[in-house]
Protein chains: 2
Amino acid sequence: MELTVLLAVARLGDDAYGLAVRRDVSARTGRDYSIGAVYTTLQRLEDKGLVRSRATDPLPVRGGRSRRQFKLTANGTRAMREAERMAASVWAGIPSTIRLEQA
Amino acid sequence: MELTVLLAVARLGDDAYGLAVRRDVSARTGRDYSIGAVYTTLQRLEDKGLVRSRATDPLPVRGGRSRRQFKLTANGTRAMREAERMAASVWAGIPSTIRLEQA
DNA sequence: TGGATTTGTTCTACAAAATAGATACATGTC
DNA sequence: GACATGTATCTATTTTGTAGAACAAATCCA
């Protein structure tokens with residue numbers, strides 16, 4: 001979950017705020033995460049110094065209150081790299097099951 | 001962790017028992033997992049029906065007590081496929097940091 | 001002008017997973 | 001028989017995952 005949320009923040013760029021992250025994560029994983037689950041994770045990532053957040057100006061649209069915009073820190077980027085390396089290691093030697101399935 | 005252990009079982013084949021899984025997982029992730037961490041994970045995977053285990057005959061060597069040999073079930077294989085699909089989704093749109101780093 | 005509606009965040013609580021390390025066990029060696 | 005070795009189980013704690021209600025701020029419109 002932490003990784004999934006971290007990657008969503010990376011991908012969303014300036015649009016990385018709570019509800020958008022929730023939409024992204026839910027769409028990609030194919031399951032519905034509660035808003036609480038997402039914010040708790042974001043908060044933990046911030047506590048660990050992998051992301052930081054700031055409040056945006058309110059948007060002049062209905063319900064457009066200030067957003068909490070998240071952004072990767074240098075450590076967050078490092079963590080992402082590290083996760084990618086780890087995934088490669090852990091999957092190494094496993095034939096692609098996706099390919100097998102299509103064959 | 002569950003995924004990492006599941007993949008180790010898949011990779012190790014007939015050699016998939018507690019200590020061997022621990023060695024594999026520790027080597028690949030680059031961190032040292034306690035034996036307890038590995039067995040509780042294996043047990044959970046078995047409870048979920050993703051692996052099954054059987055006791056081998058004791059080996060005629062020093063310390064050669066019976067091993068608990070693990071093996072993926074059909075559901076375990078499915079879970080592996082599903083994990084691969086999910087990983088692909090979640091990483092999609094993130095430029096490969098590994099490639100970037102080498103460049 | 002003030003309630004309904006919308007978009008957004010925070011708070012509280014609980015369940016599940018990760019993790020460590022001590023303990024127990026079976027076998028060969030001396 | 002005591003000891004070393006490779007193995008598995010048990011117990012307890014910390015960390016992570018998860019949900020949903022409560023709260024907040026803005027616009028809309030009768």
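This is a predicted model: local features need pLDDT of at least 70, side-chain atom pairs count only at pLDDT 80 or more; totals for chains, interfaces and linings use all residues.
Trainee: How many residues does the contact take from chain A and from chain B?
Mentor: Residues count as in contact here if their C-beta atoms, placed from the backbone, lie within 7 Å. On that basis, chain A gives 20 residues to the contact and chain B gives 20 residues.

Trainee: Which helix of chain A gives the most to the side that touches chain B?
Mentor: On that side of chain A, at least two residues each are supplied by α1 (2-12), α2 (18-29), α4 (74-91) and α5 (97-102). The residues of this side divide into nine nonpolar, five polar and six charged. The one that gives the most, with nine residues, is α4(A).

Trainee: What kind of axis relates chain A to chain B?
Mentor: Chain A can be laid on chain B with an RMSD of 0.2 Å, by a turn of 179° and a shift of 0.1 Å along the axis. The relation described by these values is that of a two-fold axis.

Trainee: Which residue of chain A comes closest to the rotation axis?
Mentor: The same surface serves both copies, since 100% of the contact residues of chain A recur in chain B. With its C-alpha at 4.5 Å from the axis, the residue of chain A that comes closest is A:Ala87.

Terms used:
Residues are numbered from 1 along each chain as its sequence is written. Chains are lettered from A and ligands numbered from 1 in the order in which they are written. Two residues are in contact if their C-beta atoms, placed from the backbone, lie within 7 Å. Helices (H or I, at least four residues) and strands (E, at least two) are DSSP runs, numbered from the N terminus. Ala, Val, Leu, Ile, Met, Phe, Trp, Tyr, Cys and Pro count as nonpolar, Asp, Glu, Lys and Arg as charged, and the others, Gly among them, as polar. Copies are superposed by least squares on the C-alpha atoms of residues with pLDDT of at least 70 in both.
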